[in-house]
Amino acid sequence: MKLDTLRHSASHVMAQAVKSMYKNVKLGIGPSIENGFYYDFDLDQPIKEEDLPRIEKKMREIIKKNYKFEKETISKDEAKRLFKDLNETYKLELIDELEDGEISIYKDGDFIDLCKGPHLNSTAEIGHFKLLNVAGAYWRGSEKNPQLTRIYATAFETKKELDDYLNRLEEAKKRDHRKGFALGYFSMHQEVGPGLVVYHPKGALLRSLIVDYLKNEHLRRGYQMVLGPHIMKSDIWKTSGHADFYKENMYFFDIEGQEYVVKPMNCPAHILVYASKIRSYNDLPIRFFELGTVYRHEKSGVLHGLLRVRGFTQDDAHIFCMRNQLQEEIVGVIKFVKAVMANFGFTDYEYEVSTRPEKYIGLEHDWDNAEKILIQSLEAEGEKFDINEKDGAFYGPKIDIKIKDALGRPWQCATIQCDFALPERFDLSYIDNQGKKQRPVMLHRVIVGSIERFMGVLLEHYDFDLPLWLAPVQIRMLPVTSRAQEFALEVSEKLNTTYRVEVDLNNETLGNKIRKAQQEKIPYMVILGDREIKNNTLSIRSLKKGDLGNINLDEFVKVLAEDLLNRR
RNA sequence: GCCGAUGUGGCUCAAUGGUAGAGCAAGCGCUUCGUAAGCGCUAGGUUGGAGGUUCGAUUCCUCUCAUCGGCUCCA
């Protein structure tokens, strides 16, 4: 039995239950999805989360009655009459778009739905299900359409599979990176504004570790650092096209009658550096890198912790090259992404190629060409990918790379975008070996994407238990009694030239200090008491492995050095 | 932006149309302790903000801000 079939049948039963419990319900669609299913309803009154158990109860009654799922095929006209009688206006809209000929409907008990199937034999075969949450969703995914009430749910054949899935959801909730607000990483404030992050010591340290690493990796791969101002006159954004195509996301303001923009992207400054002198084909490719902080006016409803914010910093670079260098550059970036991500502990990727959208600038021919090169680059790297039709940026097609975390959830981080349009708009050129002016091609690319988002993903991936090189506090000294405090400070002095060390001088029991260090996910605890003072050794406790026994300082330093190399 | 929900001390949560209570955290004191919570005391809140209803609002209503679950959008 296919899970999809089971879930889709469960969605019919859910619709059946809702229709029997509420008046004037109109049905949207009710497909099975990756981890469950949903059904959309147009209702007179809202369904609330607390109503879900009642709907579940009704569903169980329906399942118990063991209705057969019966398929019937009728003509398009008959279907129209049938769903008109049922007052299912959304279904009528769907029927209108179906080809003429036979249309299939499914019945179970008194419930009829437009549906191409397949279904289980009867409702009793629906295994174990759970309604999860209620949400608003636009009819057919367009914000111009009315908003329906969507109930998300899931179903499995066995109770164990259902419980396992619900446990995974719990686990994901426990790992929520927003715990970092309480753990001293960062904060957001009503009075500062939504989507704007304030970094606290741990967060600022983690951020700077990530940023330092990225800087070094770029420099040794032939990127040059550049830096643009955070505000620029709107003129340059008119040239770039952003003032037209990206307007609703930009912050405009006025200075002495001049219109300015807080930069939402870093490309214009990089382009100005490129254009600042005559470039030879010998100079290409030129790779400009900036840890560029940008501000984008994201709609209030889309903000989400660190994963979607209004002010963020990108590890952004623009590569200017000749057309015949494009594929090599793209392959280089793909390799770069994989190297960086592996170093942070991510080894599972998903690739998507997004093609020309409705709103675009540039020539159709260039778009087609660029799409071809992106696909060839992925093939050259032996990577599988999906095509995301019409989802490119307005200036060019792109490859999006998603990393999968410890719980198997995909996160969009890296993106590689081809651009034939901006070089045209800014009249960029290089001199070829014939002494003639040529137009370079531009690549926009980020590796981790937004430092903010990446930190959120990292924290959830590791459940705050960061690898040693990224741990804000690497070692905490725990003196057992006040007699050991001096020794603890002494050892700390020796270690803190290389490592981030704290000494817990609180008047607490050892158990209490260990508990706190464990909760704060500090990788190494060094326990010091009379025994250690006497033998001049350290009692090491590892966050993950527990008591490692007594060793001397040199041996501990070796353990640390070893662990630092372990970047997974 | 849209649909729905939520908003109580630093954190997690309780309570009520008659001006709020606990645990953790914090401060002080006692305790000097061996691998995940020692004991006691103290302090801390104009219940997100504004307005309204009421003799009286934190509780009811309206607006607003923020957050959460989604949709659309996206790094």
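I started with the surface near RNA strand B: by class I get 19 nonpolar, 27 polar and 17 charged residues. For the classes, Ala, Val, Leu, Ile, Met, Phe, Trp, Tyr, Cys and Pro count as nonpolar, Asp, Glu, Lys and Arg as charged, and the others, Gly among them, as polar. "Near" here puts a residue's C-beta atom, placed from the backbone, within 6 Å of the strand. Which residues come nearest to RNA strand B? Of the 63 around it, I noted Ala135, Gly136, Gly301, Gly449 and Gly529. Helix H15 (residues 510-519) gives the largest share of this surface, with seven residues.

Housekeeping, before I forget. This is a predicted model, where local features need pLDDT of at least 70 and side-chain atom pairs count only at pLDDT 80 or more, while totals for chains, interfaces and linings use all residues. Residues are numbered from 1 along each chain as its sequence is written, and chains are lettered from A and ligands numbered from 1 in the order in which they are written.

Domains next. Chain A splits into domain 1 (3-174), domain 2 (179-462) and domain 3 (468-565), with bounds from an automatic or database domain assignment. Over C-alpha atoms, the centres of domain 2 and domain 3 are 41 Å apart.

Then helix pairs. My helices (H or I, at least four residues) and strands (E, at least two) are DSSP runs, numbered from the N terminus. Axes are lines fitted to C-alpha atoms, for helices over the stretch in contact, and angles run from 0 to 180 degrees between N-to-C directions.

H1 (residues 3-21) packs on H2 (residues 52-64) at about 115 degrees, axes 9 Å apart. The two are therefore roughly perpendicular; the scheme is under 35 degrees roughly parallel, over 145 roughly antiparallel, 65 to 115 roughly perpendicular, the rest oblique. From H1, Val13, Met14, Gln16, Ala17, Val18, Ser20 and Met21 meet Ile55, Lys58, Met59, Ile62 and Ile63 of H2, contact being C-beta atoms, placed from the backbone, within 7 Å. I sorted the residues of this contact into nine nonpolar, two polar and one charged.

For H3 (residues 76-85) and H4 (residues 89-97), the axes come within 9 Å and cross at roughly 170 degrees, which means H3 is roughly antiparallel to H4. On the H3 side I listed Lys76, Ala79, Lys80, Phe83 and Lys84, and on the H4 side Lys91, Leu92 and Ile95. That contact has four nonpolar, no polar and four charged residues.

H10 (residues 326-343) and H11 (residues 364-380) pack at about 50 degrees, again with axes 9 Å apart, so H10 is oblique to H11. H10 brings Leu326, Gln327, Ile330, Val331 and Ile334; H11 brings Ile373, Leu374, Gln376, Ser377 and Ala380. I count seven nonpolar, three polar and no charged residues there.

Last, the backbone. Is the peptide bond from Leu284 to Pro285 cis or trans? I find it cis, with omega near 0 degrees, and Pro285 sits in the loop between helix H9 (267-275) and strand S15 (286-295). Arg140 is not a glycine, yet has a positive phi of about 60 degrees. I placed Arg140 in the loop between strand S7 (128-138) and strand S8 (147-156).

Key
Contact = placed C-beta atoms within 7 Å.
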